[in-house]
Amino acid sequence: MFTRVHSGSIATDNEYSVACAWGDYDNDGFLDLFVVNGKYHVATNSLYHNNGDGTFTKMTSNTVGRIVSDAASFSSCAWVDYDNDGFLDMFVTRGSGEATPGPNFLYHNNGDGSFTRILSGNPVEDSGVSWSCAWGDYDNDGFLDLFVTQPVLSFDGPVVPLPNRLYHNNGNSNSWLTLKLAGTASNRSAIGAKVRVQAAIGGKLIWQMREINNGHGAGGASLLAHFGLGAATNIDQVRIEWPSGIVQTLTNVSPKQILTVKEHQPGNSGVPSFTGISRAADGAVDLSVSGNPGLIYVLEASTNLVNWTKLGACSNVTGALSFADSKATNYVTRFYRVSIP
């Protein structure tokens, strides 16, 4: 359930907003919000800093630079650490609300809470009308590449098809880590998981955080968690906070790799077992399971012992749990299994 928040600048600002993206640009462990304004109007964008207490502060150009004062007809945005220095940068596309099409905008994070607009290079020199953008490492070299979409336009004249653009990131010597999460008790794509990485960057021990979701900007985002690590040669900790409540910690992880992590809870010894299965007159099934306490159990069902469907994940606090399968009324035969991720 959700309750609409009516206070604070995010809820009270009146702007031509068309896209937004969440990202922890100052590495304080809290997601900040960037809002794109314009598309069919010339406007400036907004950056809201998360204060960590449920409130946000709207940033000004005196603090963060031109990222909130440059005016154009903006259309979409995406956070990215394009140079793998350990700080999220911002890319913003330009829409069709200007008489003369212009280039897109790339802002480099200076690491002190401010941004500098990059003025050279193909992504910020190519003029045109751009709708959306997405970053992804298409050649798995550890540096995120950029894809920009452009629309088919007709300004009261002939239809003008505009080609999309793919920019390859040539990279540098900085380290990186990409994590691909596979949920078991949580959803398979690990949407909602928070990934935190700790490493020494520039002589300081820094925590970075990414949240797995596909709701950034106007073009979606990768479900991979990518971290730039500067000159770090070792990753002290990788902490994964799964939606199920399971927390996994990896230590002394080597950088410059794509690492797949399957959801797994510590202390998952022992094999759970069914202690009772009963079917009511209406066809619903009640299940009872016993095993070691304090663990999350995953219950699955099948009609053929080959294809299994996850019914849910339950917390076994006391060593015994019960689960009702109301959908069993749809099946003559139903098989069940329980496991500990």
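A salt bridge is defined here as a side-chain nitrogen of Lys or Arg within 4 Å of a carboxyl oxygen of Asp or Glu. The structure is a predicted model, in which local features need pLDDT of at least 70 and side-chain atom pairs count only at pLDDT 80 or more, while totals for chains, interfaces and linings use all residues. Residues are numbered from 1 along each chain as its sequence is written, and side-chain values use heavy atoms, with hydrogens and water left out.

Ten salt bridges are found by this rule. One of them joins aspartate 70 to arginine 66, with 3.0 Å between the closest N and O atoms. Aspartate 70 is buried, at 9% relative accessible area, whereas arginine 66 is partly exposed, at 39% (buried means under 20% relative accessible area, exposed over 50%, partly exposed in between; 1.4 Å probe, protein chains only).

Glutamate 241 and arginine 196 form a further salt bridge, the closest N and O atoms being 2.8 Å apart. Glutamate 241 belongs to strand E22 (residues 235-241) and arginine 196 to strand E19 (residues 194-201), so the pair ties together parts 45 residues apart in sequence. Strands (E, at least two residues) and helices (H or I, at least four) are DSSP runs, numbered from the N terminus. Both glutamate 241 and arginine 196 are buried.

Lysine 58 and glutamate 15 also meet in a salt bridge (3.4 Å, N to O). Lysine 58 lies in strand E5 (residues 56-58) and glutamate 15 in the loop between helix H1 (9-12) and strand E1 (17-23), 43 residues apart. Lysine 58 is partly exposed, at 34% relative accessible area, as is glutamate 15, at 31%. Asp13, Glu15 and Lys58 are linked in a network of salt bridges.
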